[in-house]
Amino acid sequence: MDDSYTNFPTSHLVGSVPAVVTEEKNSYKPQAPTANSPILPPNNGSNAGRGYQTLEEGDGQQSTNKWNGVFSVSSYTEYFNVDTDLVLNRLMSSLNPTTGDFFSKIDANPDLYGLIWISTTLVFVLSSIGNCATYLMQSDSNSSWNFDVNYVNVAACSVYGYALLVPLGFYFLIRYMGISASLIRFWCLWGYSLFVLVLSSFLLIIPVEFLRWTITIAAATTSASFVALNLRTYVQSDDLMIILVASFALQAALTIFIKMWFFS
């Protein structure tokens with residue numbers, strides 16, 4: 001081939017464009033777009049259950065820890081952190097129901113020690129003193145006397161059942177009325193209300209029926225008034241009279257039941 005063709009400058013060709021190379025520093029750096037999840041308000045309307053719902057981490061773990069605390073003994077140690085002076089002060093308050101300030105005394109430190117200790121003491125007192133009372137009643141007759149073990153079963157079922165279930169029932173009743181309530185404080189109140197029944201049980205051993213009924217009425221009035229008057233200061237409701245009458249009647253019924261079953 002002729003050298004004239006090969007050495008022909010390309011810049012003279014028709015339509016040729018000279019290459020222009022420019023070096024520019026591009027400051028743009030591509031970034032991945034961040035996904036900003038919208039925070040939606042809780043859907044509490046008629047269409048509840050539709051749309052997006054945000055899930056918070058740790059909800060399942062917190063729920064599990066909550067249920068584990070219910071069945072853990074260490075969760076209840078704070079309700080037994082009482083000393084002798086504090087318990088004696090609350091016992092004396094149960095014998096003076098007219099003040100109605102028991103909830104203010106236990107507000108900072110409600111305890112379950114009184115509930116368990118007083119209830120257990122009352123069970124053993126009724127079982128032993130009740131059998132002793134029947135022995136004294138039958139000592140004048142020629143009939144033989146035998147220790148009635150059923151007194152222990154009846155005393156345990158009646159006392160523990162009353163001390164646990166009755167406050168629980170009032171707790172749900174008051175919460176149903178839309179009033180804030182504390183189950184621990186209710187258990188504490190009803191537990192200390194049984195202390196007067198422990199004292200009256202020792203007096204019911206006297207084999208005089210008129211005196212026994214007098215002691216029973218006095219104990220029932222004191223114990224029932226202690227519960228009712230303290231509930232009056234704790235519960236603020238239009239249906240307060242129903243709560244007071246029900247608590248007074250149940251407390252008096254327990255006292256009469258003790259007299260009829262263990263000291264008849």
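Predicted model: local features only at pLDDT ≥ 70, side-chain atom pairs only at ≥ 80, totals over all residues.

Modeller: One cut-off is needed at the outset: a residue is called buried when its relative accessible area is under 20%, exposed when that value is over 50%, and partly exposed in between.

Side chains of opposite charge can pair when their charged atoms come close.

I take the pair of Asp111 and Arg90 to begin with. Their side chains form a salt bridge with an N to O distance of 2.2 Å. Asp111 belongs to the loop between helix H4 (102-106) and H5, whereas Arg90 is part of helix H3, so this pair ties together parts that are 21 residues apart in sequence. Asp111 has a relative accessible area of 0% and is therefore buried. Arg90 is buried as well, at 2%. Helix H3 comprises residues 84-94, and Leu86 is also found there. Leu86 is partly exposed because its relative accessible area is 24%. The C-alpha atom of Leu86 is separated by 9.6 Å from that of Ile106, a residue 20 positions away along the chain.

The next pair joins Asp107 to Arg185, with 3.5 Å from N to O. Asp107, at 44% relative accessibility, counts as partly exposed, while Arg185 is buried, with a value of 18%.

H7 is mostly covered, for eleven of its eleven residues are buried. Cys188 has a relative accessibility of 0% and so counts as buried. Cys132, by contrast, counts as partly exposed because its relative accessibility is 31%. As to cysteine pairing, the count of disulfides is zero.

The remaining salt bridge is made by the side chains of Lys259 and Glu209, at 2.8 Å from N to O. This pair, too, links distant parts of the chain, with Lys259 in helix H10 (residues 240-262) and Glu209 in helix H9 (residues 209-234), 50 residues apart. Lys259 is buried, since its relative accessible area is 1%; Glu209 is partly exposed, since its relative accessibility is 36%.

These helices can now be set within the whole. The chain holds ten helices and zero strands. Of its 264 residues, 33% are buried. Among contacts between residues at least 6 apart in sequence, 74% join residues at least 24 apart. The chain exposes about 17,500 Å², of which carbon and sulfur atoms supply 61%.

The UniProt record, an unreviewed entry, bears on the positions discussed. Its annotation "transmembrane region" covers residues 112-137, 149-174, 186-204, 210-229 and 241-262. Two of these spans can be described in the model. Residues 241-262 are 100% helix and 0% strand, with 32 Å between the end C-alpha atoms. Residues 149-174 are 96% helix and 0% strand, and their end C-alpha atoms lie 38 Å apart.

For contrast with the charged pairs, a nonpolar surface patch may be noted. Tyr135, Leu136, Trp145, Phe147, Val149 and Val152 form it, and together they have about 530 Å² of accessible area. One of these residues, Phe147, is placed in the loop between helix H5 (113-138) and helix H6 (150-176). Phe147 counts as partly exposed because its relative accessibility is 47%.

Technical notes:
Residues numbered from 1 in each chain as written. Heavy atoms only, no water. UniProt positions renumbered as here; feature names shortened; annotations may be inferred. Helix = DSSP H or I, 4+ residues; strand = E, 2+ residues; numbered from the N terminus. Patch = residues over 30% accessible without salt bridge, like charges linked within 9 Å, V, L, I, M, F, W, Y side chains within 5 Å. Areas by Shrake-Rupley, 256 points an atom, 1.4 Å probe, with all protein chains shown as cover. Salt bridge = Lys/Arg side-chain N within 4 Å of Asp/Glu carboxyl O. Buried < 20%, exposed > 50% of the residue type's maximum accessible area, 1.4 Å probe, protein only. Disulfide = S-S within 2.5 Å. Contact = heavy atoms within 4.5 Å.
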